[in-house]
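My entries follow in the order in which I made them.

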Amino acid sequence: MRVSLAQINTNLGGIKENIDKHKFFIKKAIENKSDLIVFPELSISGYYLLDGALEVSMKKEEIFEIFKEESNKIDISLGYPELGEDDITYISQIYLSKGKILNNHRKIYPPNHGMFEDLKFFGRGKKVKAFETSFGKFGTLICRDFFHPSLPFLYYLQNIHLLILVSAIPVRGGYREESISIYESTERLLSIYSQRFQYFIVFVNRVGFEEGISFMGGSMVFDSSGKKILSLPLIKESLETVEIDFENIKRDIYNLPLKREEDINLIFENLKEIKDGEFKD
């Protein structure tokens, strides 16, 4: 399949302008004969919404109606502030395909420390659920979710082929000669997870400025052996496309048979003992 990474600069709170930009990039991806286009975290609204989160939140059905026509031509993964059925706002990433909603992932670990205040304004998602597409089984995580190893591991147990990881990671940690330290640590983590969990990872991070903060960009794609197969520039808005062959996963599992060795019952039994406080050396 062909996947386009839309590393865009989003206008904070400018919903109409951002929708127009999404449709422009979707059109370009269709012209590139892509099967899927992925936008970053909160791509419809911008990131630092703070007290304005409720004002721009939308139900998933509203997002679906806006992009229903385009989703009959290309699969779409985009980020938006969701107003849930419980009237709580969530940071969500929706996946549309063939005029249907296939998945709607809610960010499970909104950070609330240092420069981050997500948990003051958004609720927490509860589910890590893989979903079937025309191309294979996929999963979605949003930014901080990925830094908790338990969540990529749960997708590993569900035998996904592709993990869609979206984020709005700011530049921080200092510049080095030709890179940014947060970029280097993210790159290492993506390589390790894709190699050990043996699925492809499409990572899409946003660019631009909000409240004096610069977003990093540096989106990238890793194959199921941990090899980087596409890298987008730092800071700069960009759209690039990569060809993905899921047949490679079979080869990688055969060469390094971690899944064949895996003992899920052993994992569950140990987790239960830990949860129940009965774990002993």
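This is a predicted model: local features need pLDDT of at least 70, side-chain atom pairs count only at pLDDT 80 or more; totals for chains, interfaces and linings use all residues.

For angles I use these classes: under 35 degrees counts as roughly parallel, over 145 as roughly antiparallel, 65 to 115 as roughly perpendicular, and the rest as oblique. Axes are lines fitted to C-alpha atoms, for helices over the stretch in contact, and angles run from 0 to 180 degrees between N-to-C directions. Helices (H or I, at least four residues) and strands (E, at least two) are DSSP runs, numbered from the N terminus.

Residues are numbered from 1 along each chain as its sequence is written, and side-chain values use heavy atoms, with hydrogens and water left out.

Entry 1, the helix pair. I looked up helix 1 (residues 15–31) against helix 3 (residues 60–71) and found an angle of about 10°, with the axes 11 Å apart. The two helices are therefore roughly parallel to each other. For contacts I take heavy atoms within 4.5 Å. On the helix 1 side I list Ile19, His22, Lys23 and Ile26, and they meet Ile66, Phe67 and Glu70 of helix 3. By class, this contact has four nonpolar, one polar and two charged residues. In this scheme Ala, Val, Leu, Ile, Met, Phe, Trp, Tyr, Cys and Pro are nonpolar, Asp, Glu, Lys and Arg are charged, and the others, Gly among them, are polar.

Is histidine 22 buried or exposed? Histidine 22 is buried, at a relative accessible area of 0%; the cut-offs are under 20% for buried, over 50% for exposed and partly exposed in between (1.4 Å probe, protein chains only). A polar contact here is a pair of N or O atoms within 3.5 Å; within protein, one must be able to donate a hydrogen and the other to accept it, and residues adjacent in sequence count only if both atoms are side-chain atoms. The histidine 22 side chain reaches the backbone oxygen of asparagine 18 at 2.7 Å and makes a polar contact with the side chain of serine 43 at 2.8 Å.

I find glutamine 93 in strand 4 (residues 89–97), buried at 1% relative accessible area. Its side chain reaches the backbone nitrogen of glycine 79 at 3.2 Å. Not counting residues up to four places away in sequence, glutamine 93 touches several residues, including Phe39, Ser77, Asn103 and Val166.

Glutamate 210 sits in strand 10 (residues 207–210) and is buried, with a relative accessible area of 3%. A polar atom of the glutamate 210 side chain lies 3.1 Å from the backbone nitrogen of tyrosine 47. Glutamate 210 and glycine 46 are 164 residues apart in sequence, yet 8.2 Å apart in space, C-alpha to C-alpha.

Lysine 33 is not a glycine but has a positive phi of about 60°. Lysine 33 lies in the loop between helix 1 and strand 2 (36–38) and is exposed at 65% relative accessibility. Asparagine 159, also not a glycine, has a positive phi of about 60°. Asparagine 159 is in the loop between helix 6 (150–157) and strand 8 (162–167), and is partly exposed at 45%.
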